[in-house]
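These are my notebook entries on a single protein chain. I set down what I looked up, entry by entry.

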Amino acid sequence: IIQQDSPGRIDYTDQYHLTDLPKINNWIKKDEVIDSFTLSEGATNIIVCKGSDKNKIFIYGEIVINNYDLNIINLKTISISKTQNGVLQEPLFNPADINLIAYLEIVDNLQREFEYHLHIHKLDSKKDFLLTKGLYRNENNKITRPNSTSYVWHPNGDYIFYITTDAKRN
């Protein structure tokens, strides 16, 4: 499953043909941008972050593969509360629990600076937990992945690792 050359489409390939990702592209308007998407372990679920700036939302769907045909079923919007100036980005499934995601909220504070908040959200209970308001983001392209955030789930899903802006750097 790839996002290729078009910020408003997600395609998949069976290594021979490139095909629209069924049904999910019906949820994307022509002028909307897909910011990012994530697949669960085993590619049984997908979350797409779509929209522009403060109107970004997450769409959740289940992936079913039958005889090389890929279908997305049970599409729904994930209800996540955010701050007034918050922008949702970069959802990431927990590798051991598909009901648990981490995501980034970018908040424009009163000094016109951005704060990067890292949250964990339970999809089944809709509970949200703020981990930090000071997530480090590579805005100055100091490493190989420009504008990347610095968090990752441990493969067993019990831990999430992240770098905060509290640490002194040179």
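**Entry 1: the chain as a whole**

I began with contacts between residues at least 6 apart in sequence, and I found that 38% of them join residues at least 24 apart. I note here that I am working with a predicted model. Next I looked up the secondary structure: the protein chain has twelve strands and zero helices. Read from the N terminus, the elements therefore run β-β-β-β-β-β-β-β-β-β-β-β, by the DSSP assignment. I then turned to burial, and 41% of the 170 residues count as buried. For the accessible surface I recorded about 10,600 Å², with 48% of it belonging to carbon and sulfur atoms.

**Entry 2: the nonpolar cores**

Which residues make up the largest nonpolar core? I listed twelve: Val87, Leu100, Ala102, Leu104, Ile106, Tyr116, Leu118, Ile120, Leu135, Tyr151, Trp153 and Ile160. I then asked which strands each supply at least two residues of this core, and I found strand 8 (100–108), strand 9 (114–122) and strand 11 (151–153). Strand 8 gives the largest share, four residues. I also found a second, separate core of eleven residues, including Ile47, Phe93, Ile101 and Tyr103.

**Entry 3: aromatic pairs**

How many aromatic pairs does a search of the whole structure find? The search finds two.

I located phenylalanine 161 in strand 12 (residues 160–162). Is phenylalanine 161 buried or partly exposed? Phenylalanine 161 counts as partly exposed, because its relative accessibility is 46%. On the surface, Val152, Tyr159 and Phe161 form a nonpolar patch, and together they have about 320 Å² of accessible area.

**Entry 4: the salt bridge**

I recorded one salt bridge from a search of the whole structure. Aspartate 35 forms it with lysine 56, and the closest N and O atoms are 3.1 Å apart. The two residues are 21 apart and link distant parts of the chain, with aspartate 35 in strand 3 and lysine 56 in the loop between strand 4 and strand 5. As background, I note that side chains of opposite charge can pair when their charged atoms come close. Aspartate 35 counts as partly exposed because its relative accessibility is 29%. Lysine 56, at 9% relative accessibility, counts as buried.

**Entry 5: lysine 50**

I placed lysine 50 in strand 4. Why does lysine 50 count as buried? Its relative accessible area is 6%, and the cut-off for buried is under 20%. I then looked up its contacts, leaving aside neighbours within four places in sequence. Among them are Trp27, Ile28, Glu32, Val33, Ile34 and Asp35, as well as Asn55, Lys56, Ile57 and Ile59.

**Entry 6: positive phi angles**

I wrote down as background that most residues other than glycine have a negative phi. Alanine 43 has a positive value, with phi near 55 degrees. I found alanine 43 in the loop between strand 3 (34–39) and strand 4 (45–50). At 29% relative accessibility, alanine 43 counts as partly exposed. Glutamate 90 also has a positive phi, near 50 degrees. Glutamate 90 lies in strand 7 (residues 86–93).

**Entry 7: isoleucine 63**

My last entry concerns isoleucine 63, which lies in strand 5. Isoleucine 63 counts as buried because its relative accessibility is 9%.

Terms used
Residues numbered from 1 in each chain as written. Predicted model: local features only at pLDDT ≥ 70, side-chain atom pairs only at ≥ 80, totals over all residues. Heavy atoms only, no water. Patch = residues over 30% accessible without salt bridge, like charges linked within 9 Å, V, L, I, M, F, W, Y side chains within 5 Å. Areas by Shrake-Rupley, 256 points an atom, 1.4 Å probe, with all protein chains shown as cover. Salt bridge = Lys/Arg side-chain N within 4 Å of Asp/Glu carboxyl O. Buried < 20%, exposed > 50% of the residue type's maximum accessible area, 1.4 Å probe, protein only. Core = buried A, V, L, I, M, F, W, Y, C linked by side-chain atoms within 4.5 Å. Phe/Tyr/Trp six-rings, centres within 6.5 Å; stacked < 30°, edge-to-face > 60°. Contact = heavy atoms within 4.5 Å.
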